[in-house]
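Keep the viewer open and follow the stops below in order. Each stop says what to select and what is there.

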Amino acid sequence: MSSTAANRPRVMAGMRPSGLVHLGHLVGVLTQWANYSGSADAFFEIADLHAYTTDFDDPAKIRDARNEMVAAWLAAGVDPRTSTIFLQSGIPQISELQVLLAMITPLSWLERVPTFKGQIEALGQQIATYGFLGYPLLQLCDIAIFRGEYVPVGRDQVAHLELGREIVRRFNYLYGDGREILIEPQATLSEFPDVPGIDGRKMSKSYDNAIFISDDEETTTRKVRAMVTDPLKIRRGDPGRPEICPLFALWRLVNPLKVDGVAAECRSGALGCVQDKTDFAEQLNAHLRPLRERYTMYRGDPALVERIIAEGTARARDIAAGVLADVKRAMKLTSAL
Ligand code: TRP
């Protein structure tokens, strides 16, 4: 870690190892992470405990997703020399902090978080556990144990951050004796929080509409050909509406320099959707090629990825231990030993 870490803002974010990394993660989140890894004192977490809140019956999947996910982070430019990549379950201080903060977290605050009822409706009653109810509290502990100030996340996480800020305020009020022992974290939203998938809905593994980093170029091209476009533009010559077209939304993300030309030709009808898809698939594959090469390299070197995780986890644990000690002191939980 560079000696200037103390002057840089502390950034913290996590991702659940619950499947393959796709284009939505890449442009929505990982591009931001890569920037922060050079400019902030950044901590990036493999949120494996969070993955267990919904996938507790499939530990092998969570374990397998870990290295794949970190390989994608590294390929996207998250730099382990200037940021800290770590494993949540390797930091016992996070879990200990969760027990402590659970004492002052009102049940009603957790129950009113929209993702709680929403996810139970979507995934079923089997995830209605004590652990799942505590999901946003655990997320706050991830952040607070490093005194994270900025949290780069998608829009769907803002309610979790709001709850986290309330818990921090309550903690400081009850135990801080006029001081800020913990810091209220702030969400920093990506410029492109919602990336459409091939069916036009938000890109998501569970909708089966994602383009994965691990896809080869042929698969990518096939998926792009299957993309939804303006339903009123049936054939070349018909005027299209780029503003409602998911394919066009992806163009904006992948090659901003070309969007004005594509939009004009789509509107006039000169550009048909079939040609547009062929052009875009080429652009996308070219855009992803260097990243996919790095990804393949990291996938082929699990020892390297494991070493990066182990080193980051050790570094993160040191910092977490210091903050937990402050918390326990404030709560008068320190023993004389
Ligand atoms: N809940 C986040 C998500 O689903 C993942 C996450 C876990 C996280 N811990 C975090 C994000 C801490 C930011 C900070 O995307």
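Select domain 1 and domain 2 and look between them: two residue pairs are in polar contact there, both at pLDDT 80 or more. A polar contact is a pair of N or O atoms within 3.5 Å; within protein, one must be able to donate a hydrogen and the other to accept it, and residues adjacent in sequence count only if both atoms are side-chain atoms. The count of salt bridges between domain 1 and domain 2 is zero; a salt bridge is a side-chain nitrogen of Lys or Arg within 4 Å of a carboxyl oxygen of Asp or Glu.

This is a predicted model, in which local features need pLDDT of at least 70 and side-chain atom pairs count only at pLDDT 80 or more, while totals for chains, interfaces and linings use all residues. Residues are numbered from 1 along each chain as its sequence is written, and side-chain values use heavy atoms, with hydrogens and water left out.

Ten residues of domain 1 are in contact with eight residues of domain 2 (heavy atoms within 4.5 Å). About 830 Å² is buried between domain 1 and domain 2, 78% of it from carbon and sulfur atoms; buried area is the accessible area (1.4 Å probe) that two parts lose on being put together, summed over both.

Next, go to the ligand. Of the 14 residues around the ligand, Arg16, Tyr135, Gln139, Asp142 and Gln157 come nearest (a heavy atom within 4 Å counts as near). Show the ligand's nitrogen atoms: a polar side-chain atom of Tyr135 lies 2.7 Å from one. For Gln157, a side-chain N or O atom is 2.9 Å from a ligand nitrogen, and for Glu45 a polar side-chain atom is 3.4 Å from a ligand nitrogen.

Last, select Arg112 and Glu166. They form a salt bridge with the closest N and O atoms 3.1 Å apart. Arg112 is in the loop between helix H5 (107–111) and helix H6 (114–123), and Glu166, 54 residues away, is in helix H9 (residues 158–175). Helices here are DSSP runs (H or I, at least four residues), numbered from the N terminus. The structure holds 16 salt bridges.

Technical notes: Helix = DSSP H or I, 4+ residues; strand = E, 2+ residues; numbered from the N terminus.
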